[in-house]
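Dear colleague,

I am passing a structure on to you, and below it you will find notes on what turned up in it. Please read them with the model open beside you.

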Amino acid sequence: MFADVILPVPLDGLFTYALPATIESKAAFGMRVLVPFGPKKYYIGIIARLHDQKPEGYEVKEVVQLLDEKPILLPSQYKLWQWIADYYMSPIGEVYKAALPAGLKAEDGYRPRTETYIRLTVAYQNEQALHIALNVLSRASKQQGAFIAYLQLSGWDEADFRPDSGEVSISEVTREELLNFSGSTLSVVNQLVKRGLLETYEVEVGRLNNAGEPHMENVKRLSEAQQEAYNQILFSFMKKRVTLLHGVTSSGKTEVYIHLIKRELEQHRQVLFLMPEIALTVQMMERLQRVFGNRLGIYHSKYSDAERVEIWQKQLSQNPYDVILGARSAVFLPFQRLGLVIVDEEHETSYKQQEPAPRYHARSTAIMMAQIYRNSPSTSVPPNVLLGTATPCMETYHNAQTGKYGLVELMERYQGIEMPEIQVVDIQDLQRRRMMHGPFSPLLLSRVREALERGEQAILFQNRRGYAPMIECKQCGWVPRCEHCDVSLTLHKRMNQLTCHYCGYTYQVPTECPACGCKELQGKGYGTEKIEDQIRDIFPEARISRMDLDTTRTRNAYERIISDFSSGRTNLLIGTQMISKGLDFGKVSVVGILNADGMLNQPDFRAYEHAFTMMAQVSGRAGRKGRRGLVILQTKSPTLPVIGQVVRNDYQTFYRELLEERRLFCYPPFHRLIYVFLKHKNDATVHTASLELGSRLRQWFGGRVLGPDKPSVARVKTLSIRKLVLKLENGIDMKKVRQYLALAQQQMLQDKRYASLQVYYDVDPL
């Protein structure tokens with residue numbers, strides 16, 4: 001007997017192995033096997049097919065070991081893998097690598113992931129010793145700063161060391177949190193450990209949910225508008241497999257979701273609840289756990305590999321989670337009786353996987369997943385898909401308007417709260433009159449000050465992390481650039497480093513210009529770190545936190561920032577697009593959008609769509625409970641129609657105007673796009689290859705092929721890049737398109753000049 005096996009390699013097709021007689025009777029579809037590959041390598045593969053047809057032309061190797069007693073892959077999952085591989089033009093081995101937790105792909109199983117925590121050594125857990133430690137560190141300012149930062153994070157103060165202070169509640173602190181909070185380097189913290197002041201210890205990260213029994217009585221009663229939307233959704237599901245819930249920010253979409261989930265559970269069906277950002281799952285998890293308790297499972301990349309393996313195995317057991325809350329990778333989990341898929345904030349670009357392959361979109365994958373499960377014999381009732389958002393993706397809304405999807409609208413905020421007032425500030429005029437305080441207008445500062453004085457909260461949105469996007473020599477204009485990528489380096493002041501946000505390359509901040517020797521090197525532009533520094537000077541009494549990629553590298557960091565802001569321990573939050581994604585803070589009365597032009601002036605046909613979405617979503621964080629919120633929108637282009645549409649929350653006009661533009665210039669939803677990328681370490685080689693590939697493709701597709709051209713960042717990780725664009729009208733035979741693209745790629749790679757050329761595709765790019 002032979003087995004066709006999926007291997008985690010970037011090669012097309014399955015690989016055939018012979019099954020030893022000892023395991024023939026035990027082997028089945030979906031089981032893992034250990035197999036040889038090449039002269040020395042061994043991989044964990046998954047059986048996709050068993051048969052008796054011996055391949056001809058080569059010697060078939062034997063399976064070394066059968067690793068499972070039961071399949072770890074369901075037939076419906078495999079069908080989804082095949083669809084992803086075909087549609088997104090990626091080898092099925094790449095899909096396998098993306099789908100399975102690492103522990104299921106490793107020969108030695110999975111090792112529990114741990115996180116390093118910091119604590120005071122026993123000798124320094126008293127008042128006298130603490131003062132001695134601070135005195136000892138007085139000559140080592142960096143170490144003293146890190147030590148004080150640890151004390152602040154963990155909750156220690158002088159009272160904690162007195163004998164009569166009673167029981168003290170001390171917060172656990174991860175090493176990553178301490179580094180983020182203090183701006184220290186790892187070597188500084190290691191010196192404190194070496195001195196015996198602090199010690200590290202390892203904690204296994206993640207556990208399966210043990211939140212206790214469900215409490216369905218915690219399901220809130222729906223408002224009249226919510227109940228109407230709920231009824232319309234159920235009616236829509238009777239006619240359409242996919243329904244869009246278009247509800248304004250703070251309309252209570254989540255409560256509608258909870259009622260729909262409850263209904264599915266009462267009918268013994270499972271629910272997959274997708275969210276675009278890991279940060280969002282923190283708030284949503286707490287909300288859903290209050291109702292569904294231990295029937296809820298959480299699945300995303302910040303959880304340990306051990307936990308993800310355990311959830312995968314639990315979903316295959318007789319007692320799986322009924323509700324899975326997760327980011328995009330949760331679409332790969334096994335479901336035995338799926339009834340509903342909810343894709344919240346369906347417009348979000350985070351649902352699209354960029355690197356590595358497969359470059360799938362979780363929303364499209366979820367819709368296809370429901371279609372596959374609909375035809376599965378294990379699913380008695382076909383699953384439905386609910387897409388929810390306040391700012392639908394253009395393609396989604398077009399599908400709803402043309403009848404492909406159902407459409408339900410919820411245009412009233414919960415408890416009748418008004419939509420926030422949006423005031424536009426012309427910062428170009430203020431800069432000309434020298435009235436700007438850095439990136440802050442006088443109106444913004446006065447409204448934030450008033451909010452803080454009233455005991456309310458404020459959010460400042462700047463969609464750039466770091467301290468400054470670049471530094472420049474004042475005398476000769478020299479700008480430090482990445483050695484591996486075609487970009488300038490971003491200044492991170494607290495780490496005293498220049499960093500490439502594409503490859504991670506770091507460069508110590510120079511004390512003088514290497515080109516001319518000038519010592520005046522100045523940061524250009526504003527990142528969230530610089531905004532934080534300047535706002536601390538303006539509002540020294542404010543309790544400020546920052547939410548961006550630099551401050552949220554661990555799961556605990558996400559939870560701490562959100563928890564502190566939700567509870568009022570901090571009252572001014574500065575952040576990137578993370579803060580725009582559906583977070584619910586009840587006391588936020590003022591939101592400041594510091595620079596709308598940075599979003600509007602992108603070289604991308606989706607720039608206005610993304611800008612409108614982000615501004616509308618950020619604005620929606622204001623005034624969610626209680627009084628009407630205020631948004632200060634700073635821009636140099638206040639007369640742009642899109643700015644007025646954001647101010648009026650006029651999605652309909654925005655959609656109609658943008659739709660006409662898309663129709664005129666042959667963009668989605670009227671045409672489909674495929675980007676073809678070529679990469680090579682030699683720029684001349686990739687240039688020649690792109691011209692040849694473009695010529696080949698024009699033989700089949702004619703004027704539908706645009707380019708080749710250099711993308712805005714034309715070199716990443718030492719590889720030069722070229723891009724071709726295919727604009728394909730709706731209704732074209734995509735199967736033939738994929739065949740032609742594969743053939744053209746195959747012909748190119750047969751040329752010895754292009755042996756190391758990388759060619760890959762981005763289908764339906766964002």
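Two strands are said to pair if DSSP finds at least two bridges between them, and the elements themselves are DSSP runs, numbered from the N terminus, with helices (H or I) of at least four residues and strands (E) of at least two. Please keep in mind that this is a predicted model, in which local features need pLDDT of at least 70 and side-chain atom pairs count only at pLDDT 80 or more, while totals for chains, interfaces and linings use all residues. Residues are numbered from 1 along each chain as its sequence is written, and side-chain values use heavy atoms, with hydrogens and water left out.

To begin with the strands, β1 (residues 2-6) is joined to β2 by 4 bridges, and the two run antiparallel; within this pairing, Ala-3 stands opposite Tyr-17 of β2. Both strands belong to an open sheet of 5 strands, with antiparallel pairing and the order β2-β1-β4-β3-β5. At its edges lie β2 (15-18) and β5 (65-66), each of which pairs on one side only.

Next comes burial, where buried means under 20% relative accessible area, exposed means over 50%, and partly exposed lies in between (1.4 Å probe, protein chains only). Helix α11 (residues 305-315) is largely enclosed by the rest of the structure, because 8 of its 11 residues are buried; among them are Val-309, Ile-311 and Trp-312.

The structure also holds 22 aromatic pairs, meaning rings of Phe, Tyr and Trp (its six-membered ring) whose centres lie within 6.5 Å, with planes under 30 degrees apart counted as stacked, over 60 as edge-to-face and the rest as tilted. One of these pairs is formed by Trp-83 and Tyr-88, edge-to-face at 5.7 Å centre to centre and with 90° between the planes. Trp-83 counts as buried at 18% relative accessibility, and Tyr-88 is buried too, with a relative accessible area of 2%.

Tyr-397 and Tyr-651 are likewise edge-to-face, because their ring centres are 5.0 Å apart and their planes stand at 85°. This pair links distant parts of the chain, with Tyr-397 in helix α13 (residues 394-401) and Tyr-651 in helix α21 (residues 651-664), 254 residues apart.

Finally, a charge is taken to sit over a ring if NZ of Lys or CZ of Arg is within 6 Å of the ring centre and within 35 degrees of the ring normal. The charged end of Lys-314 sits in this way over the ring of Tyr-321, 4.9 Å from its centre, and that of Lys-727 over the ring of Tyr-667, 3.8 Å from its centre.

With best wishes
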